[in-house]
Amino acid sequence: MLHFRPVHTRWACALALSLGALCVSPPSHSYDDYQLPSLGGASASVSNEEFRLGRAWLRQFRAQAPQWQDPIVSDYLGSLVARLAPYSQLGSLQTTTVMVDNRSLNAFAVPGGVVGINSGLFAFAEDEGAFVSVIAHELGHLSQRHYARGSARAEQTQLPAMAAMLAGMLIAASGGGDAGIATAMGSQAALIQDQLAYSRRFEQEADRIGLQAMAEAGYDPEAMVRMFDTMQRLSRLQGGTPPEFLLTHPVSDSRLSDAQARASQLSVASRYTSDTLYDMMRARALLSIYRNTPQQAASRLAQEEAEEPALRYIDALIAAQNGQTDRALQALDQLANELPDYGMLPATAANVALEAQRYDDAINRSQRLLRLMPSYLPAQLTLAEAQLQRDPEAAYNLLRNITAQHPENPQGFNLLAEAAGRSGFNGWGHLARAEHLQLTGRVDRGIRQLSIAKDAAQQENDTQALARIEQRREAFLEYREALERF
């Protein structure tokens, strides 16, 4: 569960329940008292309505919460989720990720397949295993549909409760504070009271799913135990004001013991980890957190014994920020030669060239990388943005492909709108602007933009664009209906 400031624990628990990131009260029984099931299989599949509500929540969230825009880290996060998903009992559930520009420790999972993190999670988790353990836990909540199961017990239908509580969480996350919490509590008080009796069980279920998924995906499950131990110590040190994640995921002694017992029974068939790559992602996160004092990010990374290539990487990023483009590119090229499997290194170099307005260099670097990794989205976006300055029609064609492959990516549609406009495809340009508006929670404006797109396509006699606009209008109306639940 996500909120941007500490709140009363009872309220934090209430909001946590809305997202499957359930809260536990200090236990008074052993875990055996709760008759925890074995890991035989996931609960009933996610309904279409639950999926639609989750995506509607994401659109509202994008409209109001501070986003962390970093395609390289976003791709990394997506790859971790994709690696864990086949072992997390998610079935056919399609997941999507969102990153929040907030330095506090937090992660959350929204019914319908949305997984989110704060940039602060990278700062707190000092190795990849620790970071993965949090993601695996959240996927466990999703696979077991903990929110839907809990609300279904208190009411025969869970969807009205889900909509109301997601709305309260959204208001709190976007700065509404106690007003948002009151919305979540409100008429749901009886529901929450009933759900709290199941929160311990749900947390341990998510732990167990997560531990199993980690082992099967090649990660050491002991990393979850270490993460819990660190969290527990942090919670005790900070007393009544622990980080948000610990308000909604308290680590009790019995939970820690249960995780330790489970982890000791699991074996990892083929180990997979990359602390070097992870440390580079931490470098990007720390620079985002310490954006006004970048040297503090570098010092922290060094103090926490990051891998040596990551220290060189953050130095290169800082050099680029300071206008030392040649020095940054030389360092990144050297790292890319030493670590040829890390596509994010040449992608970073291409982006450095783009930010320095060296558009031809950015195009050449991106194209070289895409010959090796044709579907690597960070390089595709950098190439498209650079091509906007040199060959807008080439950018338009590329962005049409990007948005077709990534229909939930607002940045792609934002760039496509600009590329289409510069290339004279006004109908498609206004359609892309409409897509960007609906993805960021402004569906009414998006519907109005579709009318502008239709007029432009009629003037251009673009029958393909007209057909697509009509198709999307129906979808937008469905999006608006889902958003009205909030």
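In the predicted model, Thr-97 stands opposite Val-115 of strand β3. The strands involved are β1 and β3 (residues 114-118), which pair in the parallel sense over five bridges. Together with β2 they form an open sheet of three strands, ordered β1-β3-β2, with mixed pairing. β1 (96-100) and β2 (107-110) are the edge strands, and each pairs on one side only. From one strand to the next, the twist averages 20°.

Two helices accompany this sheet. Helix α3 (residues 71-84) packs on the sheet and touches β1 and β3. The direction of α3 makes about 135° with that of β1. Helix α5 (residues 128-143) lies across β2 and β3. α5 runs at about 20° to β2.

Thr-325, Ala-328, Leu-329, Leu-332, Leu-335 and Ala-336 of α17 are buried. Viewed down the axis of α17, the buried residues fall within an arc of 125°, so they line one face of the helix. An α-helix has 3.6 residues a turn, so residues three or four places apart point the same way. On the other side of α17, Asp-326, Gln-330 and Asn-337 are exposed. The cover over the buried residues of α17 includes α16 (308-321), α18 (344-355) and α19 (359-372).

Conventions. Residues numbered from 1 in each chain as written. Predicted model: local features only at pLDDT ≥ 70, side-chain atom pairs only at ≥ 80, totals over all residues. Heavy atoms only, no water. Pairing = 2+ DSSP bridges. Helix = DSSP H or I, 4+ residues; strand = E, 2+ residues; numbered from the N terminus. Axes fitted to C-alpha atoms, helices over the stretch in contact; angles between N-to-C directions. Contact = heavy atoms within 4.5 Å. Buried < 20%, exposed > 50% of the residue type's maximum accessible area, 1.4 Å probe, protein only. Arc of directions from axis to C-beta.
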